Amino acid sequence: MARDGRPTDIFVSYSPADTAWATWIAWELEAAGYRTMIQAWDFVPGTNFIDFMDRGVSEAKLVVAVLSRNYLGSRYGRLEWQAALRADPDNPSNKLVTIRLEDVPLEGLLSTITWVDLLGVTDPGQARALLLGRVGEALAGRAKPEAAPAFPDGSVVPPSPPATLPSLPPPAERARARRAPVTPPTFPRWPARAGAATRSACCTSAVPASGARCPTPASRSRPRTCRPASGPT
């Protein structure tokens, strides 16, 4: 539970080297109405780090892991995502959401989790939609779209009203002892080389949880969207 008494919805697990991305993610999640717990804002003087990490993983409804080379080599990062998997071994995708920032190989248990690939995504709106969409699916336990699907004969049906995001509590209730910035963090910018490489913004593991698969390496030179797959590739 957070310092203000509100239950924690999402614990953000990341390497200090990726603080810019982690704080941007946390800000967008809180702007959407979720209560996050993140080291950059909530690890204030007097906090025990091990206790902070344990409470964050165990009390949060969802753990968002920010994947990079630094994170995958981090001892504490490994402890956090492994604890999240153990919390719901039968359906780990409902407890752990992974956000991939670098083209790093995912092996073992991490390779079984559907991830959101933000590598090369330069549009904040697109990144926000990918993040909130995947988080919403994980918390709901399903990936039902907001708009009604078209009738199979090819006709188009009117879209459904957009889903209502959870409302934020009054400002007085949000007051808490943390180091959250007053203004939104700047969307992290990729180096020229990384930003020039257009990548599929929605990737899944080798065993997709939502019935989609990533484009093959040879096809990543042009924009692609996830395509249906009948089974593991």
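These notebook entries follow my look at strand 4 and at Lys95.

I began with the ground rules: this is a predicted model in which local features need pLDDT of at least 70 and side-chain atom pairs count only at pLDDT 80 or more, while totals for chains, interfaces and linings use all residues. Residues are numbered from 1 along each chain as its sequence is written, and side-chain values use heavy atoms, with hydrogens and water left out.

**Strand 4**

I looked up residues 96–100, which form strand 4; helices (H or I, at least four residues) and strands (E, at least two) are DSSP runs, numbered from the N terminus. Five of its five residues are buried, a term for under 20% relative accessible area with a 1.4 Å probe, protein chains only.

Ile99 is the bridge partner of Val66 and stands opposite Val116 in strand 5.

**Lys95**

I next turned to Lys95, which I found in the loop between helix 5 (75–87) and strand 4. What does the side chain of Lys95 reach? I found the backbone oxygen of Val57 at 3.1 Å, and the backbone oxygen of Ala60 lies 2.4 Å from a polar atom of that Lys95 side chain.

Conventions. Buried < 20%, exposed > 50% of the residue type's maximum accessible area, 1.4 Å probe, protein only. Pairing = 2+ DSSP bridges. Polar contact = N/O pair within 3.5 Å; in protein donor to acceptor, adjacent residues only side chain to side chain.
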